[in-house]
Structures are given as structure tokens and as C-alpha cells.
Amino acid sequence: MNTSKKELAVAALQNGTVIDHIPSEMLFKAVKLLGIESLGTQLTIGNNLASKKLGTKGIIKVADVYFPEAVLNRLALIAPDAVVNIIRDFDVVEKLRVSLPETIVGIVRCDNPKCISNNEPMATRFHLIDRANGELRCHYCGHSVNTTDATII
Amino acid sequence: MNSNSLVSIADLSKDEILHILEQTRYFEEHPNHKILDGKVVATLFFEPSTRTRLSFETAANRLGARVIGFSDKGTTSTSKGETLKDTIKMVSNYVDLIVMRHYLEGAALYATEVTDIPIINAGDGSNQHPSQTMLDLYSIYKTQGRLENLTITMVGDLKYGRTVHSLLMAMRYFNPTFNFVACNELRMPDEYIDFCNDHGIKYNVSCDFSPEIINSSDIIYMTRVQRERFTDIMEYEKVKDLYNLNNAMLNDSKDNLRILHPLPRVNEINPDVDDNPKAYYFQQARNGLFTRQALICNALGIDILKQ
């Protein structure tokens with residue numbers, strides 16, 4: 001059957017985390033946000049896979065790693081529709097949606113060049129002021145930025 | 001953030017604003033009350049601002065405090081590459097209060113996160129300048145006898161003028177009616193129009209500095225229209241004199257009208273207005289001294305009215 005062939009294209013995971021429904025153009029940003037570049041465990045990254053919802057999508061499978069919720073929620077910045085599958089012994093034991101935290105520290109760069117956070121060695125800090133529209137405001141200078149336009153550090 | 005710091009006018013509740021105004025009134029009556037004997041105040045001006053610095057330093061001196069500081073970052077370790085954090089931490093070892101002005105936005109808020117010494121923001125880039133707003137409020141309060149239910153006309157550069165933005169936000173407690181008079185290029189930004197809508201503040205937007213607007217105003221708050229703000233220099237030439245005030249324009253204005261301006265002015269207020277008793281901008285600047293005395297005491301946790 002076609003579907004089983006598709007599934008076989010990416011190896012099944014015994015234990016670990018599968019993050020699905022990442023917009024294709026955001027896949028490598030997602031990799032960076034998760035900080036998995038230097039991981040030693042088995043890592044499968046797929047991109048431009050067919051998706052009914054997104055057209056094409058990216059997927060990340062990380063063996064033997066379970067991420068803290070705060071790390072997963074960073075993905076909400078760039079992949080608000082991402083679905084996180086927790087795999088134990090080949091079974092999906094939990095499905096999570098990512099959700100933007102109220103405060104985002106050290107991830108988004110302020111696009112105001114005169115903001116103190118761009119001129120001191122310090123962590124940036126943004127507050128989510130409009131969840132529906134993804135609007136963030138810089139804690140320091142008050143500049144607003146939309147999550148879709150946000151520069152990821 | 002340490003609780004006595006003042007970074008933004010938005011940090012102050014209505015009660016706190018009113019209390020500071022009462023303290024300001026006290027200092028206007030008793031400008032040399034030496035309540036800060038033995039205290040040391042630092043004025044750290046990473047960006048030059050003679051008027052604001054002299055006003056804060058005079059305020060501290062009249063309260064009996066000693067003042068240390070610098071008036072230009074060129075003379076400090078900042079020019080050697082020291083971070084703001086390190087400068088603030090170093091100065092915190094020596095003083096009871098830091099008054100700081102910085103060319104970067106958010107600098108004062110960040111400073112409050114790296115020290116337990118109270119910070120007063122004396123301007124951070126084009127962001128916040130709360131002592132200016134408090135002296136504007138005091139000037140309105142003093143000349144009108146109240147803050148409630150006033151018609152306030154803001155004229156000139158409403159886009160970049162941080163003083164008008166902060167005053168607008170501070171007035172939200174007092175049921176004002178605003179007239180926003182500016183050319184299209186320098187009109188009040190949407191976020192402040194939204195602020196008015198969200199807080200039920202009445203306002204009119206006009207490109208025309210008309211007699212009707214002038215004659216209905218209790219306060220006219222003039223600002224400087226700066227050439228460098230315009231992308232189109234033809235547009236500047238077209239509008240530069242539309243928002244100038246001269247004495248004849250005040251003929252039918254209300255008796256209680258007062259003209260405010262954060263200064264420095266260029267030609268937006270004709271010198272023939274200066275002798276009109278409705279001109280208040282020089283006294284307004286003088287009020288800055290008493291206001292800053294009140295703010296310094298407030299930041300040090302001293303209530304002069306309970307002494």
C-alpha cells in the first residue's frame with residue numbers, strides 16, 4: 001500500500017520525540033531552536049514532505065530524547081501548528097500542541113537597532129501581547145514585532 | 001526591578017501621580033529643605049542633556065545631597081568599551097540613587113535589573129522621559145487647579161514627540177479631551193489612537209490649527225517640527241509654518257488657557273507670545289526643579305509630607 005511505503009521512507013522510532021507539521025521553510029530554524037545540531041543520538045530530518053494542511057512540511061525525529069515543554073514551546077514562534085509526538089516503545093503515548101509562552105527570553109532579536117538589548121551582552125526578552133495575532137513586544141524598548149517576522153537569534 | 005525606581009510614567013498609579021504632585025507643591029514652597037543630608041546622588045549622562053542634568057543636579061543640591069557623575073560618555077569607561085551593566089554596578093557601590101540618561105532605548109529598565117540602587121530614568125533614547133511628564137502634569141495641575149476634564153491640544157510633531165505620548169498616557173486617569181493637531185506625516189501614531197480608544201479618551205484629529213480648536217483649549221502643548229523628521233523635504237516646506245503660534249491667535253482664547261512647550265523652541269512659538277500671561281513655558285521649565293526634588297525623594301523612599 002502507498003501509505004506504508006511513505007511511512008517507511010522515514011525510519012520508525014522506538015523511543016523519542018517526533019515533531020510534525022513544521023512549515024518547510026521553517027524546518028532548519030526549528031532545528032536551531034531545539035538546539036539539536038550537536039546531539040549524538042539518531043536524528044532524522046525530513047523536508048518538503050507532502051502535507052494536506054501545509055502543502056509541504058518538515059518533520060524532525062529525535063531518538064531517545066524528550067524535550068522540556070519550554071524548549072518545545074519555542075517552536076510556536078515559527079511553527080504554530082507543529083504537533084509533538086512522544087514515542088515510547090514504538091507507540092505514540094502523547095500528542096502535544098506547541099504554545100507560545102507569555103514571556104520569551106533569549107530567542108527573538110529586537111529589530112530596533114537602538115534597543116539596549118542589541119548593544120549589551122544580555123538576553124533579549126519579549127512579552128506576548130496578542131496571542132491571536134502573534135504580536136510580541138520588546139520588554140526593554142517597547143518595539144512590537146510579529147512572530148512571523150521575528151528574527152531568531 | 002527595584003520598586004522605587006522610575007523608568008516609565010506608566011509605572012505610576014493615579015494615587016502615586018497625585019502624591020508626587022503634592023510633594024512637588026511642597027518643594028515649590030520649600031525649595032531648600034535639606035532632607036538628604038549625607039546622601040549621594042549620581043547623575044550618569046551617557047548622552048549630553050544640559051537642561052535635564054542641571055535641573056536634576058540643582059534638585060539634589062537643594063535637598064542637601066552630594067552629587068557625582070558625568071555629562072558625556074566620552075569621559076567615561078564606556079568609551080573604553082565597558083558595558084552599561086558594569087558601569088551601573090560600579091557606581092552602585094558609591095551612591096544612594098542613580099539618575100541616568102542614555103542614548104539607547106530600554107537602558108534605564110535594564111539598569112534596574114542589574115542593581116538594587118533605585119534608578120530614575122532621565123531619558124532613554126526616544127523611549128521614556130518620565131520626569132518631563134511629571135513636570136508637565138504639575139504645570140497643568142498648578143495652572144488649572146485640577147487635572148480632571150480638561151481640553152488639551154497637542155500641536156506639531158505628534159509622531160516622534162515622546163513628551164506628547166507620555167503626557168497622553170499619564171492623562172488617562174483624568175478624563176481629558178484631546179485635540180491632535182499635526183500634518184499627516186507627523187500625525188499621532190496609531191498605537192496612541194488605539195490607547196485613547198481602549199481607555200475611552202475623547203479626541204479629535206485635525207490638520208488645521210484652527211481658531212475653534214485654540215478657543216476651546218485649556219492647555220495648548222506646542223512641540224517643535226524638525227526638518228530631519230521628513231522624508232520629503234517639499235512636505236516640510238509646505239507645513240513648517242502651519243503649526244506656529246503667534247499672539248494674535250490667542251485673542252479669543254479662554255482666560256485659563258496656558259501654553260506649554262517642553263523647550264527648546266525654534267519658531268513654533270513667536271516671541272510675541274512670551275509676554276502674554278497665557279505663555280507658561282518658562283515657568284513650566286522652572287517647575288521641573290520642584291518635580292525632580294519630589295521624584296528624588298520618592299525614589300529614596302522619603303515622604304516629605306510625613307516628615
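In this predicted model, the centres of domain 1 and domain 2 of chain A, taken over C-alpha atoms, are separated by 26 Å. In chain B, the centres of domain 1 and domain 2, again taken over C-alpha atoms, lie 27 Å apart. The two chains also touch, with twelve residues from chain A and eleven residues from chain B in the contact. Here is a friendly tour, topic by topic.

**Chain A: overall layout**
- Chain A holds three helices and eleven strands.
- Going along the sequence of chain A, these elements come in the pattern α-β-α-β-β-α-β-β-β-β-β-β-β-β.
- Taken along the principal axes, the box filled by the C-alpha atoms of chain A is roughly 55 × 30 × 20 Å.

**Chain A: its domains**
- The domain assignment places residues 2-97 of chain A in domain 1 and residues 103-152 in domain 2.
- Where these domains of chain A touch, six residues of domain 1 are in contact with five residues of domain 2.
- On the domain 1 side of that contact in chain A, the residues divide into three nonpolar, no polar and three charged.

**Chain A: an open sheet**
- Four strands of chain A form an open sheet in the order β6-β8-β9-β10, and their pairing is antiparallel.
- At the edges of this sheet are β6 (103-105) and β10 (144-146) of chain A, each of which pairs on one side only.
- From one strand to the next, the twist of the sheet averages 35 degrees.
- Three bridges join β6(A) to strand β8 (residues 125-130) of chain A in the antiparallel sense.
- Which residue in β8(A) is the bridge partner of Val105(A)? Arg125(A) is that partner.

**Chain B: its domains**
- In chain B, domain 1 is made of two segments, 9-128 + 288-306, while domain 2 covers 131-285.
- The contact between these domains of chain B involves 16 residues of domain 1 and 14 residues of domain 2.
- On the domain 1 side of this contact, α1 (14-29), β4 (119-124) and α10 (281-299) of chain B each contribute at least two residues.
- The largest share of that side, five residues, is supplied by α1(B).
- By class, the domain 1 side of the contact in chain B has eight nonpolar, six polar and two charged residues.

**Chain B: a helix pair**
- Two packed helices are described by the angle between their axes and the distance between the axes.
- For helix α3 (residues 84-92) and helix α4 (residues 107-114) of chain B, the axes come within 9 Å and cross at roughly 55 degrees.
- That angle is why α3(B) counts as oblique to α4(B).
- The crossing of α3(B) past α4(B) is right-handed.
- Which residues of α3(B) and α4(B) meet? From α3(B) come Leu84(B), Lys85(B), Ile88(B) and Lys89(B), and from α4(B) come Ala107(B), Tyr110(B), Ala111(B) and Val114(B).
- By class, the residues of this contact of α3(B) with α4(B) are six nonpolar, no polar and two charged.

**Between the chains**
- Returning to the contact between the chains, chain A gives twelve residues and chain B gives eleven residues.
- The side of chain A that touches chain B is made up of six nonpolar, four polar and two charged residues.

Conventions
Residues numbered from 1 in each chain as written. Chains lettered and ligands numbered in written order. Predicted model: local features only at pLDDT ≥ 70, side-chain atom pairs only at ≥ 80, totals over all residues. Axes fitted to C-alpha atoms, helices over the stretch in contact; angles between N-to-C directions. Parallel < 35°, antiparallel > 145°, perpendicular 65-115°, else oblique. Left-handed = near helix turned anticlockwise from the far one by under 90°. Contact = placed C-beta atoms within 7 Å. Nonpolar A, V, L, I, M, F, W, Y, C, P; charged D, E, K, R; others polar. Domains from an automatic or database assignment. Pairing = 2+ DSSP bridges.
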